[in-house]
Amino acid sequence: MSLILAVNAGSSSLKISLFQRQANDLPRLLLTSSTSSISSPPAKFNFKVVDVPGSESTSVGYKESAEADIRDHESAFEHFVETLARYAEDLKQTTQVSDEVRPNLELSQIRNVCHRVVHGGNYVEPVAITEQTYNHIERLSDLAPLHNGAALRVIHSAMTVLPNSRSIAFFDTAFHKHLPAHVAAYAIDQNVAKKRGLRKYGFHGLSYAFITRSVAQFLGEDSSKLNIIALHIGSGASACAIRGGKSIDTSMGLTPLSGLPGATRAGDIDPSLIFHYTSRASLDAENGGRILSHKEDAAGEVHISDAERILNTEMGWKALAGTTDFGEIVRKAFPRSISEKSDDNEYALAFDLLLDRILHFVGAYYLVLRGHVHALVFAGGVGEHSVELRSKVGEAVSCLGFAAVDERKNEGVEKKKGVVVDIGTAGQCEKRVLVCRTDEQGEMARECSAIEDYW
């Protein structure tokens, strides 16, 4: 049996899916696992069997648990491997199904381990991990500090505990390899830009690849003719204009910092803001407390690592509303009772700010696509679950000819089956409003399965 392990390392989480490669079909999902709160122990570990014959008698005991032994991404991966090995041994003992039907989930059957790596630099295709490719990814860690480092730690762990499996890096930046030169370039000296690789790379590429393929299938369109505006809204948030199945613009740039605000990222800001934000000088009271001193003795030196730490981990919804939970933001931005209402509603500010920035990109990408758009697509943790955000965005974009959001359908997304759900009103409108349950692990497994060199 040929098994594929797809691994997605977040800043404080680890999501893993185990697939079986199938001839002439998409990989079959066997089980999933997730570990959260890695940086704030005890970590929460979940192991869920999806489609394994004979699993009914062995699944007991493989549910969510708090694990004090999980201290970092390496130990989280090792804990998963130990759990999988124990489950595979339990599965061998079951007598409910025959040996011909029961899958062999022993660790030796894992041929390939696919790792989501956020920043690939000039790598535009998946690469097998070698000393050279590992070092290349390591050098890019400063450009994606919340993710590349975690991915590298898991890669190192995988190569240690699964020495007979091939580790392969799949890059979020690869989907954006077709960005036009004028879109990828910044208005800076291009000699310097080329020497240092300073350009727009774009991210969430595995998600956008999955969205493109899934929406094309849902609409009955050839993906090479599909035009969509896709919104991957989660703790990290971005937008992408896709024409003919290829990315032609996206909101994130050299790093995932630019574009839409996220749970802890600022999104687009005036580049000089960070110097004022970190200044040691007191506010100028004579000017209404708005202007900071530019005197040399008042200015503080801001190291690049400090600036990136602040912009990556101390901004976004966390800075505006004091929480990274968008569900909480929505509940308190739209209170159901007077007692819950706040005079100074920082939650409403966080919600309205994100909505405003989303509309900026949707409007811009509508023009980039010259109005030839098959669908506006919501994805990601917030995009797939926030009824209120979808409703507000849908209300605004209806002026562009998109189908009006059907609130009954919008509120019922969670109950609908399928990868793609249409939340627009029924009718002849050509511009649809859709929700796509994106799957970055599934996309990696599909791509891995299709590359014959890996088999």
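**Helix packing and local features of a predicted model**

Of the 455 residues of the protein, 50% count as buried, where buried means under 20% relative accessible area, exposed over 50% and partly exposed in between, with a 1.4 Å probe and protein chains only. The model is a predicted one, in which local features need pLDDT of at least 70 and side-chain atom pairs count only at pLDDT 80 or more, while totals for chains, interfaces and linings use all residues. Residues are numbered from 1 along each chain as its sequence is written, and side-chain values use heavy atoms, with hydrogens and water left out.

The secondary structure comes to 15 helices and 14 strands; these are DSSP runs numbered from the N terminus, with helices being H or I of at least four residues and strands E of at least two. Among contacts (heavy atoms within 4.5 Å) with a separation of 6 or more, 64% link residues 24 or more positions apart.

The pairing of α2 with α3 has an angle of about 155° and axes 9 Å apart, the axes being lines fitted to C-alpha atoms, for helices over the stretch in contact, with angles from 0 to 180 degrees between N-to-C directions. The two helices are therefore roughly antiparallel, given that angles under 35 degrees count as roughly parallel, over 145 as roughly antiparallel, 65 to 115 as roughly perpendicular and the rest as oblique. The crossing of α2 past α3 is left-handed; a crossing is left-handed if the near helix is turned anticlockwise from the far one by less than a right angle, and right-handed if clockwise. On the α2 side the contact is made by Y134, I137 and E138, and on the α3 side by N148, L152, I155 and H156. By class, this contact has four nonpolar, two polar and one charged residue; Ala, Val, Leu, Ile, Met, Phe, Trp, Tyr, Cys and Pro count as nonpolar, Asp, Glu, Lys and Arg as charged, and the others, Gly among them, as polar.

Helices α11 (residues 346-368) and α13 (residues 387-397) come within 10 Å, their axes crossing at roughly 45°, so this pair is oblique. The crossing is right-handed. Here F351, L354, L355, I358, L359 and V362 of α11 meet E388, L389, K392, V393, A396 and V397 of α13, a set with 10 nonpolar, no polar and two charged residues. Within α13, the buried residues are L389, R390, S391, V393, G394 and V397. Besides α11, they pack against β9 (227-233), β12 (375-379), α12 (380-385), α14 and β14 (432-436).

Two individual residues illustrate contacts across the sequence. I168, found in strand β8, is buried, with a relative accessible area of 0%. Neighbours within four places aside, I168 is in contact with N112, V113, C114, H115, P126, V127, A128, I129, C448 and Y454. V419 sits in the loop between α14 (407-411) and β13 (420-422) and is partly exposed at 38% relative accessibility. V419 lies 208 residues from I211 in sequence, yet their C-alpha atoms are 9.2 Å apart. With neighbours within four places again set aside, V419 is in contact with F210, S214, V435, C436 and R437.

Finally, the backbone deserves a look. Most residues other than glycine have a negative phi, and most peptide bonds are trans. The bond from P41 to P42 is cis, with omega near 10°, and P42 is found in the loop between β3 (28-36) and β4 (43-49). S37 lies in the loop between β3 and β4 and has a positive phi of about 60°; this residue is partly exposed at 22%. N24, in the loop between β2 and β3, has a phi near 60° and counts as exposed at 82% relative accessibility.
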